[in-house]
Amino acid sequence: MSLNDPLANALSHIRNCEIAAKKKVIIRDSSKLIKEVLTILKKRGFIEGYKEIKATNGDCLEVDLKGAINNCGAIKPRFSVTLGEYEKFEKRYLPAKDFGIIIVSTNKGIVTHSEALEKNLGGRLIAYCY
């Protein structure tokens, strides 16, 4: 089953499995963007890790859950954001200041909103997690 946005499908599948207290999730769609987002989630301590599974009908990702995600999802539409607008979107998508992350696609790669602020980068909002 594949809809239009594989990242949104992957994040909602992760959220649903977190709610059901599962330890592992199999994500059928594998893309660079999903791997980058999972790498950031691992680095920030939201998931244990992930590994690629090679299959005949396409590659899959097996994500090891930690039980640390309260909510996560893709941001649609992918808003453009400048340096002064991060706080506005932080208020919109995160429950409190400095609680959770917003993932941003910049010209220097995919980073969190706090890293983008440190590096003085704008970009497009991709996802959130807390």
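Predicted model: local features only at pLDDT ≥ 70, side-chain atom pairs only at ≥ 80, totals over all residues.
Glutamate 115 belongs to helix α4, which spans residues 113–118. When its neighbours within four places in sequence are set aside, glutamate 115 is in contact with Lys43 and Arg44.

## The three-stranded sheet

One part of the structure is an open sheet of three strands, arranged in the order β1-β3-β2 with antiparallel pairing. The edges are taken by β1 (24–27) and β2 (47–53); each of these has a single partner strand, so one side of each lacks a neighbour in the sheet. Averaged over the sheet and with direction ignored, neighbouring strands are turned by 20° against each other.

Strand β3 covers residues 60–65 and is joined to β1 by four bridges, the two strands running antiparallel. Within this pairing, valine 25 has valine 63 of β3 as its bridge partner.

## Helices against the sheet

Two helices are described together with this sheet. Helix α1, formed by residues 6–19, lies across β1 and β3 and runs at about 160° to β1. Helix α2, formed by residues 32–43, packs on the sheet and touches β2 and β3. The direction of helix α2 makes about 150° with that of β2.

Strand β6 consists of residues 101–106. Five of its six residues are buried, so the strand is largely enclosed by the rest of the structure.

How many bridges join β6 to strand β8? There are five, and β8, which comprises residues 123–129, runs antiparallel to β6. Strand β7, residues 109–112, is also antiparallel to β6 and is joined to β6 by four bridges. The strands β6 and β7 form a hairpin, with two residues between them.

Valine 104 stands opposite leucine 125 in β8, and its bridge partner in β7 is valine 111.

The structure holds four aromatic pairs. One of them is formed by tyrosine 93 and tyrosine 128, and this pair is stacked, with 5.6 Å from centre to centre and 25° between the planes. Tyrosine 93 lies in helix α3 (residues 86–93) and tyrosine 128 in strand β8, so the pair ties together parts that are 35 residues apart in sequence. Both residues count as buried: the relative accessibility is 18% for tyrosine 93 and 14% for tyrosine 128.

A further aromatic pair consists of phenylalanine 99 and tyrosine 130. This pair is tilted, with 6.3 Å from centre to centre and 50° between the planes. Phenylalanine 99 is found in the loop between α3 and β6, whereas tyrosine 130 is in the segment after β8; the pair therefore ties together parts 31 residues apart in sequence. Is phenylalanine 99 buried or partly exposed? Its relative accessibility of 40% places phenylalanine 99 among the partly exposed residues, while tyrosine 130, at 18%, counts as buried. Tyr93, Phe99, Tyr128 and Tyr130 form one aromatic cluster.

Notes. Residues numbered from 1 in each chain as written. Heavy atoms only, no water. Pairing = 2+ DSSP bridges. Axes fitted to C-alpha atoms, helices over the stretch in contact; angles between N-to-C directions. Contact = heavy atoms within 4.5 Å. Buried < 20%, exposed > 50% of the residue type's maximum accessible area, 1.4 Å probe, protein only. Phe/Tyr/Trp six-rings, centres within 6.5 Å; stacked < 30°, edge-to-face > 60°.
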